[in-house]
Amino acid sequence: MTNVILHESLHNENGDKRLFSTAVESALAYIQEVTHRSVIPSDDAISNLQALDVSMPEEPISGEEVLHELNVYGSAATIAQTGGRYFGFVNGGVLPAALAARWLADAWDQNAALHVMSPIASRLEQVCERWLIELLGLPRGCVAGFVSGTSVATLCGLAAARHAILADQGWNVENKGLCGAPRLRVVTGEQAHGTVYKALAILGLGAECVERVPVDDQGRLKPSLLPTLDKSTIVILQAGNVNTGAFDPFDEICALANDAGAWVHIDGAFGLWAAASEGRQNLTAGIHRADSWAVDAHKTLNAPYDCGIALTRWPDALAAAMRASGAYIQYGEGRDGMTFSPDMSRRARAIELWATLRRLGRRGVADLVDELCERAQQFAHALEERGFRVLNEVVFNQVLVACESEAVTRDTLLNIQSSGECWCGGTQWRGASAIRISVCSWVTTSTDVSRSVAAFEVARSKARSTVL
Ligand SMILES: *Cc1c(COP(=O)(O)O)cnc(C)c1O
């Protein structure tokens with residue numbers, strides 16, 4: 001009996017204007033409010049989350065009630081990441097057209113595994129792949145795998161590398177595994193991102209086997225200290241150091257690697273987008289000589305979350321590393337997205353990516369990148385004028401800041417984080433604490449930066465008076 005009633009009420013909700021307009025109205029109210037509210041949720045908002053944390057409910061409730069609970073308790077407990085004064089980690093904002101496209105695409109609920117499951121998703125993956133290759137100046141013939149983020153994109157790139165290097169030595173790693181396999185070498189800078197090590201570990205290439213190359217004072221790998229490279233080596237470089245935003249010298253290292261027949265993977269989570277800006281292309285010079293790249297659309301590009309891309313010039317190597325089989329899988333004539341990604345069923349994230357790139361065009365992407373970098377410069381200059389120490393060369397969107405002493409830096413950071421005026425993360429840079437600013441949202445204006453600089457000063461004064 002109950003089932004019939006539930007089924008009926010679900011049917012009534014399907015396309016119910018009230019339910020869906022409530023969702024849209026709540027979202028719009030949130031968007032309008034978020035630039036004005038505290039960047040962090042209040043203690044009350046956090047403790048009210050208890051209302052959502054009930055035992056597994058026995059009975060269904062209506063969709064409207066669900067939405068009401070989420071909006072009342074959920075919206076208030078979010079971090080105001082889209083509000084213009086959030087500078088934590090390297091978390092991107094979201095462009096309105098991309099968000100709207102995602103809402104539409106969510107109604108489609110497409111599965112991007114196979115062309116036959118979703119011709120639209122398949123086609124847009126193809127288009128995005130072509131656009132990205134052009135925009136980033138990568139070689140023709142590259143393929144893209146659309147994944148959740150750079151962690152997985154790096155996993156894909158390194159899996160393709162592992163396949164290619166071992167296949168070259170007559171070893172099929174997908175069939176035989178790593179036991180008894182020829183040795184693989186991994187070379188990377190001392191500042192490689194943690195997700196590189198995670199991917200290596202998943203692939204059976206432990207952290208202790210990695211040959212770590214010393215870096216300069218910005219975290220850039222020193223080419224003169226590279227070990228001799230050979231055909232069994234994977235070299236992992238970085239476009240955008242998570243602390244300083246610095247870029248490895250790709251041209252020089254790729255030339256050495258190309259000569260030796262080594263595979264180069266570039267972790268370009270947020271920095272690879274420099275290649276789309278004429279004024280910043282010098283930072284990424286030489287990236288086209290690499291073999292695989294990982295990049296996020298949800299950071300610098302401001303696409304909605306859950307949008308990363310693995311690119312490689314060796315489609316067969318990636319496909320071999322990702323290949324799944326099953327009697328029911330119907331590979332088609334169109335592009336089957338699962339060929340190039342670890343997942344089978346996947347959200348059709350290329351839809352929002354397409355919308356983002358279509359909205360901005362080549363010039364809009366360049367402007368977005370330049371704007372983020374200019375705001376970072378503004379931040380750095382204003383803080384220096386007020387006696388803060390800027391620890392890095394601000395070449396991209398990252399600024400590392402310290403005060404006169406370790407204790408004041410640490411307390412200033414805590415005061416900033418609890419102020420609600422803006423939010424920054426902390427880090428250790430060359431043995432000392434630093435405040436880490438990442439300008440990563442299109443929303444951030446120069447007024448937001450000025451206001452945040454003022455918050456830094458207040459936070460430091462408070463720190464000085466307590467530290468002494
Ligand atoms: C963010 C980031 C990653 C991880 O990317 P996710 O999208 O969070 O998986 C890897 N490398 C660098 C340099 C990053 O900034």
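A search of the whole structure, which is a predicted model, finds 8 aromatic pairs, a pair being counted where the ring centres of Phe, Tyr or Trp (its six-membered ring) lie within 6.5 Å, with planes under 30 degrees apart classed as stacked, over 60 as edge-to-face and the rest as tilted. One of these pairs joins F89 and W423 in a stacked arrangement, with 5.8 Å from centre to centre and 20° between the planes. The two residues are 334 apart and link distant parts of the chain, F89 belonging to the loop between β1 (86–87) and α5 (96–108) and W423 to strand β11 (residues 423–429); helices (H or I, at least four residues) and strands (E, at least two) are DSSP runs numbered from the N terminus. F89 is partly exposed, at a relative accessible area of 45%, whereas W423, at 15%, counts as buried (buried means under 20% relative accessible area, exposed over 50% and partly exposed in between, with a 1.4 Å probe and protein chains only).

An edge-to-face pair is formed by F379 and F456, with 5.7 Å between the centres and 65° between the planes. Because F379 lies in helix α12 (residues 350–385) and F456 in helix α14 (residues 446–467), this pair ties together parts that are 77 residues apart in sequence. Both F379 and F456 are buried, and together with F87 and F388 they form one aromatic cluster.

Five strands form an open sheet of mixed pairing in the order β1-β11-β12-β10-β9, two strands being paired if DSSP finds at least two bridges between them. β1 and β9 (389–390) stand at the edges with a single partner strand each, so one side of each is left without a neighbour in the sheet. The pairing of β9 with strand β10 (residues 398–402) is antiparallel and extends over 2 bridges, and A402 in β10 is the bridge partner of R389. Helix α12 packs on this sheet, touching β1, β9, β10 and β12 (432–438), and its direction makes about 15° with that of β10. Contact here means heavy atoms within 4.5 Å, while axes are lines fitted to C-alpha atoms, for helices over the stretch in contact, with angles running from 0 to 180 degrees between N-to-C directions.

Residues are numbered from 1 along each chain as its sequence is written, and side-chain values use heavy atoms, with hydrogens and water left out. In this predicted model, local features need pLDDT of at least 70 and side-chain atom pairs count only at pLDDT 80 or more, whereas totals for chains, interfaces and linings use all residues.
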